[in-house]
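I opened this notebook to record what I looked up in the structure, one topic at a time.

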Amino acid sequence: MLVFPNAKINIGLNITEKRPDGYHNIASCFYPVGWSDALEITPSAQFTFTAEGIGIPEDGSENLCEKAYRLLAAEYQLGPVHMHLLKGIPVGAGLGGGSADAAFAIKALDQYFDLKISFEKQLGFARRLGSDCAFFILNKPAYCFEKGDRFEALELNLTGKWIVLVNPRLHISTAEAYAGIRPQQTGEDLRTLLSRPVSEWRGRVKNDFEATLFPKYPLLQEIKNTLYQQGALYASMSGSGSTLYGIFDSETDLKTIFSDYIVWQGFLG
């Protein structure tokens, strides 16, 4: 079985308060994009996991795909499989690649073993693996709140818009990104802001991490400025960085301009 875990972007990201459990409450729109990894599940005499492609930083812990397998195996009689991950989405890039891998592993194992796990139970498993993971079970545009694992349907359709994602090969850890954050309540509700035309988002729909990370990494501000100079209707950093994206009215090839970076571009669905 072969599945393609896709990335997401954050359209607006407000850190509203620090929680007693140490996490932060946020308000953001998660929107799926076509940049993807590939995850293959095949029969095996024993459970094994391998990965190739863009390097995954070693931290001594299991990959989220492995954790997803063991989480389901603890409740269901799963046979052994080999899981192979081809990593195409940069790590530490604010695109949710690892979370997508975990969620797609849950969905793929459900199909592979014909477990018939309910949607709500899949969400529960995903929430145990990470704050963003549950979004990829749904994998549709959504207003996300609390830790980023609670969702509300959002009538936002960017189908036909062109997106350019630029990753400057810079890894920003979640801990580093949150180190300079001072949570605060926002003014106008993000859902109201996103009901405006995309061309009116600039200066209104904000990612709170930009205020602290741009001074530390001026390159990020430069990329955002270039996206606007090239005609983006709206440009922003995604998640806690380091990927920047621009949304355009029509197809715009910027691979030459950003030739030193990792670039993915395509139409939004």
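I began with the second largest pocket, which is lined by 21 residues, and of these Asn14, Gln184, Thr186, Lys206 and Asp208 lie nearest its centre. I noted what counts as a pocket: on a 1 Å grid over the protein atoms alone, it is an open set of points where a 1.4 Å probe fits, with protein on both sides within 12 Å along at least five of seven lines, and lining residues have an atom within 4 Å of a point. The elements giving two or more residues to this lining are strand S2 (6-18), helix H6 (190-194) and helix H7 (210-216), and H7 gives the most, with 3 residues. Helices (H or I, at least four residues) and strands (E, at least two) are DSSP runs, numbered from the N terminus.

I kept in mind that this is a predicted model, in which local features need pLDDT of at least 70 and side-chain atom pairs count only at pLDDT 80 or more, while totals for chains, interfaces and linings use all residues. Residues are numbered from 1 along each chain as its sequence is written, and side-chain values use heavy atoms, with hydrogens and water left out.

I then turned to the backbone. Lys116, in the loop between helix H2 (97-112) and helix H3 (119-129), has a phi near 55°, a positive value in a residue other than glycine. Arg169, in the loop between strand S9 (162-167) and helix H5 (174-179), is not a glycine either, yet has a positive phi of about 60°.

Last, I found that the peptide bond from Gly241 to Ser242 is cis, with omega near 15°, and that Ser242 is in the loop between strand S10 (234-237) and strand S11 (244-248).
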